[in-house]
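Subject: A structure for you to explore

Hi there,

Here is the structure I promised to pass on to you. Have a look at it first, and then read my notes below.

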Amino acid sequence: MRLLVVEDDVALGQILVRGLSEEGYAVDLATRVVDARHNAETHQYDSLVIDIGLPDGNGLDLCRELRDRGDQTPILMLTARDGLSDKVGGLDAGADDYLTKPFDFPELTARVRALTRRPPQTHKTVLEAGDLSLDPASRRVWRGAIIVPLTAREFSLLEHIMRDPDAIHTRTDLLESVWDANYDGVSNVVDVHVANLRRKLEMPDSVSVIETVRGAGYRLHPELLVPAPAPGQTT
Ligand code: CA
């Protein structure tokens, strides 16, 4: 899940990025309308969090512009205290929700979670593949009956792969979706996290959860997608 935060208050922006990253989101930060517009055009976000007062324009105008262009990404507007006209204006401009500053962080994450919830037709409470289960709500992963603790980033990586289980995910795709645009750490970060997931989710007599497709990327191991035989049934 990837978010764009548009906030010109640098201290607040960094708090938002850090907090939402800890929740497992990949977060980009823009401090001006012009950068936000560029980001929204070049990436597919799961939700946008937009402050109203920005140095080179107004968050409401940005919201309206995105909607006029047909961009349906869920938008949470951040409004000033008592800015009632901002709230009304935000919803008029096509925002999905608004939050009044100052706010508590858990309130923000709850709103963002509600906005990024998948539409009902693709929403499954628990994602399952063979003996591997992932529950986005409780952020738990099981292999068989065993709960496997993962870091927030490992969880996001596995969730991304399990949501599109037949696809081959390139490193670029995974970096783009699970990390953020400004990621400038080690270049093999995807491989390192895949290796960690494999190790943590390793089970005797079971396949590795993630398969390497040489020269292409990674995918969920196809054997996990074959329905398991019923107990007692021989194959
Ligand atoms: Ca501002």
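**What I found**

Among the elements of the protein, helix H4 (residues 84–92) has the lowest mean pLDDT, 68, while strand S1 has the highest, 97. Here pLDDT is the predictor's confidence in each residue, on a scale from 0 to 100. For the protein as a whole the mean pLDDT is 87, and 89% of the residues reach 70 or more.

This is a predicted model, in which local features need pLDDT of at least 70 and side-chain atom pairs count only at pLDDT 80 or more, while totals for chains, interfaces and linings use all residues. Residues are numbered from 1 along each chain as its sequence is written, and side-chain values use heavy atoms, with hydrogens and water left out.

**The overall picture**

The secondary structure comes to eight helices and 13 strands. Helices (H or I, at least four residues) and strands (E, at least two) are DSSP runs, numbered from the N terminus. Of the 235 residues, 41% count as buried; buried means under 20% relative accessible area, exposed means over 50%, and partly exposed is in between (1.4 Å probe, protein chains only). Among contacts between residues at least 6 apart in sequence, 57% join residues at least 24 apart. A contact means heavy atoms within 4.5 Å.

**The five-stranded sheet**

In which order do the strands of the open five-stranded sheet come? The order is S2-S1-S3-S6-S7, and the pairing is parallel. Two strands pair if DSSP finds at least two bridges between them. Strand S2 (26–30) and strand S7 (97–100) are the edge strands, each pairing on one side only. On average, neighbouring strands of this sheet are turned by 20° against each other, direction ignored. For angles like this one, axes are lines fitted to C-alpha atoms (for helices over the stretch in contact), and the angles run from 0 to 180 degrees between N-to-C directions.

Within this sheet, strand S3 (residues 47–51) and strand S6 (residues 75–79) run parallel and are joined by four bridges. You can find Leu-48 opposite Ile-75 in S6. Helix H5 (residues 105–116) packs on the sheet and touches S1, S3, S6 and S7, with its direction at about 155° to that of S6. Helix H2 (residues 33–42) lies across strand S1 (2–6) and S2, running at about 165° to S1.

Do take a look at Phe-105, which lies in helix H5. Phe-105 is partly exposed, with a relative accessible area of 24%. Leaving aside neighbours within four places in sequence, Phe-105 is in contact with Ile-15, Leu-16, Gly-19 and Leu-20. Phe-105 and Gly-19 are 86 residues apart along the chain, yet their C-alpha atoms are separated by 7.8 Å.

**The calcium ion**

Which protein residues are donors of the calcium ion? They are Asp-8 (OD), Asp-51 (OD) and Gly-53 (O), lying 2.2 to 2.4 Å from the ion. Donors are N, O and S atoms within 2.8 Å of the metal (3.2 Å for Na, K and Ca); water is not among the atoms, so sites may look incomplete. Asp-8 sits in the loop between S1 and helix H1 (10–22), and Asp-51 in strand S3, so the pair ties together parts that are 43 residues apart in sequence. Is each of these two buried or partly exposed? Asp-8 counts as partly exposed, at 31% relative accessibility, whereas Asp-51 counts as buried, at 6%.

**The antiparallel strands**

Another open sheet has four strands in the order S8-S9-S10-S11, with antiparallel pairing. Strand S8 (127–129) and strand S11 (146–147) are at its edges with a single partner strand each, so one side of each has no neighbour in the sheet. Helix H6 (residues 152–163) packs on this sheet, touching S8, strand S9 (132–135) and S10, and its direction makes about 110° with that of S9. Two bridges join strand S10 (residues 140–143) to S11, and Arg-143 stands opposite Ile-146 in S11.

Further along, strand S12 (residues 210–213) pairs with S13 in the antiparallel sense over four bridges. The hairpin of S12 and S13 has three residues between the strands, and Gly-215 takes a positive phi near 75° there.

Enjoy exploring!
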